[in-house]
Amino acid sequence: MSANPIQPFDEAGAVSVEEGIVLVDGPDGVAIALTPEAARVLGERLIAGRRQGRGIAKPRTSRNRHNLD
Amino acid sequence: MLTRHVLAGRKIAPLTPSERAQLEGAISEVRQVAARTVLVRRGEELEHSTLLLKGFLSRYVDDRRGHRQFVSLHVPGDLVDLHAYPMKQLDHDVAAVSDAEVAIMPHTAIKAITAADAELARKLWFATLLDAAMHREWIFRLGRLDATGRVCHFFAETGARLQAVGLGGLASFSLPMTQAELGDACALTSVHVSRVLKGLRDGGICTFRDGEVSIHDPALLARRGQFDPTYLYLQPSHAIRAQKETPHVRQPDPTFR
């Protein structure tokens, strides 16, 4: 097993809009294009997921993502 | 000479005059193919393989919704479907990206030349292994790179391959693809490709216009695409040119010995 197994990212991907389409880039291999409505639904699901995840996931930092601490 | 680009610029002894003569003797016909013509359908029974002489071909798989994923792009000198010789059918389609010229090599002829000349057989095997190496790199590209990284990697790879066969340089090369096809290669929508190209142009890294790629900052292109040409098995002179612009960006896992 790798010494650096893939860890949850503590940095969000970038979001931009082109020709009315919402583009999400990163982190890592994420590269998707969404209609505005799909982006809204995904955003809501992410926020709902965040609520569920809080209190379960340990705090993440850039350091422990790379197994440095 | 129909086989002049075969294995050109790669890290293997060039074809000898005898090997070249055998390979050319195995060609039964040369065909002109218009852009967007399908040459081979997935699952079709095959009795020949194809050598690309001019232009660009793609291998691709379509999903249930008709979204196309290129699984490789072929440049002149590539034995596009030599794997059809032992397998007799393909698990993907083959189509012309641009107008192209192809040489048809019947499997009976391939069998004869590989049976007669073990060294030529080894070189043809090397050609199919190059395909495998590029497939591994394409998995890396789509799995680990964001949209800009994917396009940078694709441009860097294609430029290096064309340079190896003497059809372009690292500074500019012809790539007669649409933005949609670039998206098919990089698993991106056309809109996303458009955005990426704008960013690359504004950032002074490269320009893609009218089927021509102009690379303004090769070092930045390579770095942004994490491009390391080792997997292309280029001759040292070509590799040095491609590598010169490429800092070693991939970090080995220190726990692996």
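## Report on a predicted two-chain model

Of the 69 residues of chain A, 7% count as buried, where buried means that 20 or more other C-beta atoms lie within 10 Å of the residue's own, exposed means 12 or fewer, and partly exposed lies in between, with C-beta atoms placed from the backbone. This is a predicted model, in which local features need pLDDT of at least 70, side-chain atom pairs count only at pLDDT 80 or more, and totals for chains, interfaces and linings use all residues. Residues are numbered from 1 along each chain as its sequence is written, while chains are lettered from A and ligands numbered from 1 in the order in which they are written.

**Chain A**

Chain A has two helices and three strands, in the order β-β-β-α-α from the N terminus. Helices (H or I, at least four residues) and strands (E, at least two) are DSSP runs, numbered from the N terminus. Among contacts in chain A with a separation of 6 or more, 24% join residues 24 or more positions apart; a contact means that two C-beta atoms, placed from the backbone, lie within 7 Å. The mean pLDDT of chain A (the predictor's confidence in each residue, from 0 to 100) is 82, and 77% of its residues reach 70 or more. Over residues 62-69 of chain A the pLDDT is below 50, and this stretch has 10 contacts beyond near neighbours in sequence. Where pLDDT is low, the predicted coordinates should not be read in detail.

**Chain B**

Chain B has nine helices and 10 strands. Its C-alpha atoms fill a box of roughly 50 × 45 × 40 Å along the principal axes. The radius of gyration of chain B is 18 Å, which agrees with the value near 18 Å for a compact globule of 257 residues; this radius is taken over C-alpha atoms, and the globule rule is 2.2 Å times the number of residues to the power 0.38. Buried residues make up 42% of chain B, and 72% of its contacts with a separation of 6 or more are between residues 24 or more positions apart.

| Helix | Residues in helix | C-alpha span, first to last | Expected span |
|---|---|---|---|
| α5(B) | 18 residues | 26 Å | 26 Å |

In α4(B), the buried residues include B:Leu130, B:Met134 and B:Trp138. Their cover includes α1 (17-25), β5 (68-74), α3 (107-116) and α5 of chain B. Helix α5(B) is mostly covered, with 17 of its 18 residues buried. B:Gly166, with a positive phi near 80°, follows α5(B).

**Core**

The largest nonpolar core has 63 residues, and B:Leu51, B:Leu57, B:Val151, B:Phe155, B:Cys206 and B:Leu221 have the most contacts inside it. Such a core is a set of buried Ala, Val, Leu, Ile, Met, Phe, Trp, Tyr and Cys residues joined through C-beta atoms within 7 Å. Helix α5 (residues 147-164) of chain B gives the most to this core, with nine residues. Leaving aside neighbours within four places in sequence, the contacts of B:Leu57 include B:His74, B:Val80, B:Val94 and B:Ala100.

**Interface**

The contact between the chains takes 16 residues from chain B and 15 residues from chain A. On the side of chain B that touches chain A, α4 (118-144), α5 and α7 (190-202) give two or more residues, and α7(B) gives the most, with four residues. This side has six nonpolar, five polar and five charged residues. Ala, Val, Leu, Ile, Met, Phe, Trp, Tyr, Cys and Pro count as nonpolar, Asp, Glu, Lys and Arg as charged, and the others, Gly among them, as polar.

Methods: Expected span 1.5 Å × (residues − 1).
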